[in-house]
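Let's take a friendly tour of a protein model together. Have the sequence and the 3D view ready, and follow along topic by topic.

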Amino acid sequence: MSVRVRRVYEDPEPADGLRVLVDRLWPRGVSKDAAHVDEWPKDLTPSAELRRWYHAGEGSYEEFAARYEDELAAPGAAELLDGLRESAHTGPVTLLTSSKDPGRSHAAVLARLLEEA
């Protein structure tokens, strides 16, 4: 299984496989053609409240990750996560985010959960 996290601003690569935008909002300054996004499951992204809390610096990344995992256990998100797991079993999946630090973002949490399955 191959799951990786990349910034949406980076040029697509042949090794990306299925390109999944995991941000709720479309990234600024990137056209849909240039992004080469295959899927955009908005319900798989953190809630607005959780994003605001984390970006306000009110908690640690570890606490953010735990709260996000709780949100991913909800029926709709869990179903989308299962579908992404199935895709990751059939070929490479690249999770795209506009986060400046993808390794400490919700995309990294998703990648870890997909690789654990």
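A search of the whole structure finds 10 salt bridges, a salt bridge being a side-chain nitrogen of Lys or Arg within 4 Å of a carboxyl oxygen of Asp or Glu. This is a predicted model, in which local features need pLDDT of at least 70, side-chain atom pairs count only at pLDDT 80 or more, and totals for chains, interfaces and linings use all residues. Residues are numbered from 1 along each chain as its sequence is written, and side-chain values use heavy atoms, with hydrogens and water left out.

**Salt bridges**

- Glu-10 pairs with Arg-6 in a salt bridge whose closest N and O atoms are 3.1 Å apart.
- Glu-10 is partly exposed, at a relative accessible area of 37%, while Arg-6 counts as buried at 6%. Here buried means under 20% relative accessible area, exposed over 50%, and partly exposed in between (1.4 Å probe, protein chains only).
- Arg-19 forms a salt bridge with Asp-16, with 2.4 Å between the closest N and O atoms. Both Arg-19 and Asp-16 are buried.
- Glu-116 and Arg-112 also form a salt bridge, and their closest N and O atoms lie 3.4 Å apart.
- About one helical turn separates Glu-116 from Arg-112, because they are four residues apart in helix α5. Helices (H or I, at least four residues) and strands (E, at least two) are DSSP runs, numbered from the N terminus.
- Glu-116 is exposed, with 55% relative accessibility, and Arg-112 is partly exposed, with 33%.

**Helix α3**

- How far apart are the end C-alpha atoms of helix α3? They are 16 Å apart, which agrees with the 16 Å that its 12 residues (61-72) should span at 1.5 Å a residue. The expected span is 1.5 Å times one less than the number of residues.
- Tyr-61, Phe-64, Ala-65, Tyr-68 and Leu-72 are the buried residues of α3. They sit on the same side of α3, because they cover an arc of only 100° around the axis; the arc is that of the directions from the helix axis to the C-beta atoms.
- An α-helix has 3.6 residues a turn, so residues three or four places apart point the same way.
- The face of α3 turned away from its buried side carries the exposed residues Glu-62 and Asp-70.
- The packing partners of the buried α3 residues are α2 (48-55), α4 (75-90) and α5 (106-116), where contact means heavy atoms within 4.5 Å.
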